[in-house]
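Subject: Structure for your files

Hello,

Here is the structure we spoke about, with the sequence. My notes follow below it.

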Amino acid sequence: VNNYGAASTYVKLASTTLTATTSTITFSNLPQGYTDLRFVISGNQYTSASYGGYQLRYNSDSGSNYSSVSMYSNTTQGATPQSYSNNGSSATSVSLGTMVDFTAGSNTWVSHTAVDIMSYSNTTAYKTCLVSNSMIQSGDYSYVQRSISTWRSTSAITSLSFHTTDPPFNVGLT
């Protein structure tokens, strides 16, 4: 990437590629010397459904401390796109959207999610994240979602735990 003489703004802190199916992925001991986090997930789930949801928790917190609102669009053979979803103010995790199912068809049907967490190491403010999720299941279905979520805690984020609401993440997920 040509950054036109500017210093690089991203530093890779961790990465993984799954070699076995799993329902939970955890990154622990996140360094606290940065302000914002960005993570990107690409892959699919291994389920019997056509797609499945997945979630994020900070510091293993499963309390009702999460709030979010989403805008999304999905099309099924020309159906009218949807536009709004309020995920509530007492959720137990951050919804990351949906992930296409490997067993429904081709391994080339991949979902992508990018999440930006602002001020993750701050200990005086709640944490906010922006989620961008997309999925193309076949020529007649697509899904995109943008959401904003808040974790109502002033604790620094030291670990991230990703888990499926439908089992499990598939081999090759990065």
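L18 counts as buried because its relative accessibility is 11%, where buried means under 20% relative accessible area, exposed over 50% and partly exposed in between (1.4 Å probe, protein chains only). This is a predicted model, in which local features need pLDDT of at least 70 and side-chain atom pairs count only at pLDDT 80 or more, while totals for chains, interfaces and linings use all residues. Residues are numbered from 1 along each chain as its sequence is written, and side-chain values use heavy atoms, with hydrogens and water left out.

L18 sits in the segment before β1 (24-27); strands (E, at least two residues) and helices (H or I, at least four) are DSSP runs, numbered from the N terminus. Its C-alpha atom is 5.4 Å from that of L173, although 155 residues separate L18 and L173 along the chain. Apart from neighbours within four places in sequence, L18 has contacts (heavy atoms within 4.5 Å) with I25, F169, N170, V171, G172 and L173.

V11 is also in the segment before β1, but V11 is exposed, at 52% relative accessible area. Together with L13 and Y34, V11 makes up a nonpolar surface patch of about 250 Å² accessible area. Areas are Shrake-Rupley values with a 1.4 Å probe, and for residues only the protein chains shown count as cover.

As for the chain as a whole, there are ten strands and zero helices. Of its 174 residues, 37% are buried. Where contacts link residues at least 6 apart in sequence, 75% of them join residues at least 24 apart.

Beyond four places in sequence, the contacts of L160 include I25, F27, L37, F39, L56, Y58 and I117.

Lastly, S90 lies in the loop between β5 (85-86) and β6. Leaving out neighbours within four places, S90 contacts S64, Y66 and R152.

Regards

How values were computed
Patch = residues over 30% accessible without salt bridge, like charges linked within 9 Å, V, L, I, M, F, W, Y side chains within 5 Å. Salt bridge = Lys/Arg side-chain N within 4 Å of Asp/Glu carboxyl O.
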